[in-house]
Structure formats: C-alpha cells, structure tokens
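Reader: I've got a model open and would like to learn how to read its features. Can you walk me through it?

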Amino acid sequence: ASNNLDLFDIEAIEILRGPQGTMFGRNTSAGAIQIRTRRPSGEFGIRGSINAGQYGRMNLKAAVDIPIVEDKINAKVAMMSYNTDGFFESINNPAQGTSPGKDLGAQDIFSVRPMLVFTPSDQFDMTLIGEYVRNKSESTPGANDSDSSYIICLGGWQMCNDYTDPYKVDMIWPGTIDSEIRGLTAELNWHMDAGTVTALANYRDTDSFVDINGDNTSVPMYHLSRTEPHTQSSIELRFASGGWDNFDLVAGVYFFTQEYDILNDTYSIKFDPSWPAPLQSYAGAGQDHDSSSIFGEADYHVNDRLTFTIGGRYSKEDKDLYAISAGPYPTLGASLGNYSSSWSDFGPKAGFKYQIKPDLMTYFTYSRGFKSGGYDGRCLTPASCENSFDPEEIDSLELGLKGEFLNNTLRTNVAVFMQEVKGLQRTVIVPLANSTIGNETVTGNAASSEINGLELELSWLPTEDLRVDYAFGYLDAEYDEFCADLDGATVHETPPTSPCGDVINQGALGYLVEQDYSDRPMQRTPKTRHSLNLTYSIPMDAGTVVLNGKYSKSASLYTDITGISPRKATDLVDASIAFQDAQGRYRLSLYVLNLTDEVYTTGRNLAANFWKARYLNPPRQVGMELSFE
C-alpha cells in the first residue's frame, strides 16, 4: 500500500548494492535504493507529460516551480494521475458479479507533492516536502492454475488450468484497494567550515483497506478483507566533514518508529455453491516497532591513489505484538496475549580503493548486513504468538574494477562478490502449540545459504550519435542448510522418519516431517541475466529523432521457496521512437513495451491442496507520450 507506486518528478535514483547501513537509514541486508525528488529551481517553470496507450492508460504528470522571494524562498508543486482499465478480462456471467468481457485490475492513483525551500543564508537551508497519495484501484487478478488434483476442481464447479488466453480469468469479483497516504519530510542543513550538519525527519500515515479474492475463481471459496492503519516516523542527525586533509567522515544517529493495527475479515469459504451459509471470521493483530542506531564511516586518503575506508553501525530493534483470535463476524475472538522482544547487531564495513591510473580504479569491500527478527502477526495460539524469529545476518565480500577506455568512449564496471547468509528467514509449517489436529504457517530461521556472483556493465559511445549499454549478471545461489516442513501434514501408513529434523504426529491430518531442502533452488535467483540497450540519435534542423531498443533476458527461476513453481526463461523487448525539438521544450515518443508479447509468471499463491493461482506480467502495450518543459 505504501510503496507500490509510480515515480514522478525524480532528480536521481541511486542503486546501492550489497549490505548497506553505515551512511544513511536503517541497516539493510541486500542493498538500498535512494530516490531523490527534484528541488525547486528558483525560476518559474512548468514541466509535465501525458501518456496514453492501450488498456485505457491515461497518465498525467505535472510540476510547477514558483519563486516566492528571490534566492530566499522557492516552492514547487508536483502532481500525478495514473489510470488504466487493467490487463485482464472476465469470462464470468452477470449473476456471479462480473460480466463477460469486463476489464479487471484497473488502476486509479492520484498523488500530489508540494515542496518549500528556505535559504535565509549561505550557512543554513531548510526543505519541507509534503505528500498525499490516494489509491482506489482493483486488486491484480490471478489466474487459477489448479489441476484436477486440487479441491477447487474436483466437483467440476470451476474451470481449472484450461485457459487458452492467460489474461482471461474466471472470477466472481476482482477485489479492491482503497488507501490514502499522508506524509511530511523536513531536511535542515547547517553549513560550517568543518562540514555540514544535517537533520532529516519524516512522518508518514497510511490508511489502507484491501479486498481480496484469494482463490481467484468464480467459486466463493476464500475471500479476505483487510483494514490496516499504519504510521511511521524517523529522525536522522548526521555530520559530514568538509575540507579535511586526507580524511573524510560521516557520522550520526538514527531513530525510527512504526505501528500498525490490522483487522482481517475472512469469509465466503465453501467448496460447493449448494452448501449452506459460508463460514466467516474476524481476527486482529498489531505491532509496535522501534529502531535506533549510531553509525559512522571514515575515508583515509593515504595519497592521491590509495584510500582506506572503515565504518560500522550499531542497531537496536524493539518489537511488540498483540494478537486477537478469530471470532464469528462481526465479533473478535479472545486475546492471544501481548509479547515483546529486542535484538541488536553491529555491522562493520572495511575496504580500500586504488587508482591504478587516472582512468582505471580497483576496490575491495567487506560489509555486514542485518535484517531484524520479528513476530508472526497471523499466529493462532498464545504459544505460537510468543515464538518470535531471530535476525538474519549476511557477510559480503566484493572486489571490483572500474575503468574508461578508447578515449573515454567506453566505460566498464566489473564486480565479483561472495555472500554468506546465516539465520535465513523462511516461511515454514509448524504444529499448532498444544494441539494434535492443526498446524500453521510461520516465519522461522530455517536455513543458511551462500551466494556468489559476477556483474559486468559496459557503456560505449562508438559515434556521437550511438550509445550502447550492456549488462550481464551471473548468480550462483544455493542453500547450505534448509531443514523444514513446507507442504503440511501428510498421511503415512507407518510412522515416518526425518533425514534432518523432527517428526510430529498431527493425528488425523498425518505427520509433519521436516525434510532436507538444501538441494532445492533458492527463490528468484536466476543463474544469468542480460540487458542490451541501443540508443541512436538523428540530428535535424528542427530537433532530434531518437531511436531506442532494449532487449533483456533472464534465465529460468523459481518464484517460491518450495522449488515447485518454476518461471521459464524470459526474453523481453521494448522499443520507442521519439522527436525532441531543438530547444528541448517538448518531446513526443511512440513506444511499445513487451514487443513480443511474452507471458511469464511473476508469482504464485499456493494454498496447500485447495488451489493454486498464478500472477502474470503485463502483456504487450503500445502508447504515446508527450512531455514538455
């Protein structure tokens, strides 16, 4: 609800790979994406774009710069409206809630971002950024991917796994999203001879209601409504040195807090329309989360060529959980208790970079990432609510080479890395505490893994008008250990044994048997990825014509941790032709996304032996965009 939004009026996007944490924000185990919006220019101006295309696409973006007091106070307002009819089509009938041919998965998002920048002196500046987002979209439909062995298909009530068009779905309702986000960010900078002190504060409030057709079928089998208010705030105070001899320093403190409450209304669970009234239950939970840290990173320049880096972050995480069991709607069940846990971690960073010559540099970095422990908010008994999971920790080594060649027309970046993950958090199935007739799905520290890889990036300008960008990634990811039950209790004629863990008798349900899954593929880790982007400019008296084509290829992968949901190797092609006037005032482009109309699975929902649903990528889209400034 808070992050699945389009970007607009962006100045820069910075991708930081590998464990991060010594420079800003919370510690991360896999990387960070820093997005910086445009600041007011100080001069009156308007920029924007209109994007229209297939599937009812109509996206409008605009930003207005407004000078208020010359060189002292400047403002800007940016707005975005994002609308589509959805990529999916219903094959249902009106009696069941949708009509044949009805579009499903519509998006309707509006966002506005006002901004004020105060610069009363050369020593101080303050930026205030507001944020409002309204999302009234439909949930993205999934396609029923069950075969005849699933309960949803046994009675012949539902078409299963026989669609000729993957974007036509047999659903009784599409599901809806209704959310609002309000936020305020303040950045204050004090510039001194010794460096700059920055205070960065943010508050964000989200009200979210999501209505989900979980089984993605025309059978009223599983429907979920979720109401979830959420608030978060953060404060960072840091110092960045300036003009020190042979030494640079960034250091600070960071505080983050968030809380949410959630009400789950689960209803319409029945396998046969002729059955009596459906089951309906109402459950709740909530968590409070406080995080604090102190961080620092220093660079020591031995000489003009060699620099050593050392840094670290100490983090402390506190989480509180309350949970309420399911009761007959509209009544909540009994309290499952209140629980608290804390975790701490120190993540060091060390490395060096060496300028071999002016256009060739090598570097080495060691860093440690930390992913907080936590609670399962969907716990079913006091004992399982109390059973928190521990943090995940990753140690990473990276060696790289960056250079420019052929009179600075060819830029190359090469990196090899090795990562070791301990306490890997995975979703597993465990027995309900003090029960022999049920089990539940929880998060646990079930695995450890090793990930090795290679990344290559090339940017080449063979002529003034042609640019070639190529990227290649190789990934060797495997489990060192993974012992768990992933498919639930099964019946055995004789008591089974486990090759690596526990065997738990679940009575009539059978046995939970922990298996060795260390030979299973890790989810979403393709062996290879390629990307080739070609841009050719044709100068003219009136402006420039720009031709662009992009080809990307990903090897096959698995979308879930069980290793039973493969996604085939995918090849994607995008293309566009654009004209930009000589003064750079406007740009008109025609584009096609997913030119070859590739269809692949982006994810799956596996509900034991009840049903299986898959979610797909967007189909081919053709459109036109007019941007102006």
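This is a predicted model: local features need pLDDT of at least 70, side-chain atom pairs count only at pLDDT 80 or more; totals for chains, interfaces and linings use all residues.

Reader: What should I look at in the backbone of Y55?

Author: The general idea goes like this. Most residues other than glycine have a negative phi. Y55 has a positive phi, near 60 degrees, and is not glycine. That angle belongs to the hairpin of β3 and β4, which has 3 residues between the strands.

Reader: Where else does a positive phi turn up, say at D71?

Author: D71 has phi near 65 degrees, again a positive value in a residue other than glycine. It lies in the loop between β4 and β5 (73-84). With a relative accessible area of 60%, D71 is exposed.

Reader: How do I read strand pairing, and how many bridges join β3 to β4?

Author: Two strands pair if DSSP finds at least two bridges between them. Strand β3 (residues 45-53) and strand β4 (residues 57-69) run antiparallel and are joined by 9 bridges.

Reader: What is the strand order in the open sheet of 3 strands?

Author: The order is β10-β34-β33, with antiparallel pairing. β10 (143-144) and β33 (601-607) are at the edges with a single partner strand each, so one side of each has no neighbour in the sheet. Between β33 and strand β34 (residues 611-616) there are 6 bridges, and R604 stands opposite R614 in β34.

Reader: Now contacts. Which residues does N533 touch away from its sequence neighbours?

Author: Contact means heavy atoms within 4.5 Å. Leaving aside neighbours within four places in sequence, N533 is in contact with R467, V468, D469, N548, G549 and K550. N533 belongs to strand β27 (residues 528-539) and counts as buried, at 17% relative accessibility.

Reader: And how many cavities of 30 Å³ or more are there?

Author: Rolling a probe the size of a water molecule over the atoms shows where empty space is left. On a 1 Å grid over the protein atoms alone, a cavity is a set of points where a 1.4 Å probe fits but cannot get out, and lining residues have an atom within 4 Å of a point. Points are joined across faces, edges and corners, and the volume is the space filled by probe spheres set on them. The count here is 1 cavity of 30 Å³ or more, and the largest cavity holds about 70 Å³. Its lining includes P19, R313 and K349. β18 gives the largest share of that lining, 3 residues.

Methods
Residues are numbered from 1 along each chain as its sequence is written. Side-chain values use heavy atoms; hydrogens and water are left out. Helices (H or I, at least four residues) and strands (E, at least two) are DSSP runs, numbered from the N terminus. Buried means under 20% relative accessible area, exposed over 50%, partly exposed in between (1.4 Å probe, protein chains only). On a 1 Å grid over the protein atoms alone, a cavity is a set of points where a 1.4 Å probe fits but cannot get out, and a pocket is an open set with protein on both sides within 12 Å along at least five of seven lines; lining residues have an atom within 4 Å of a point.
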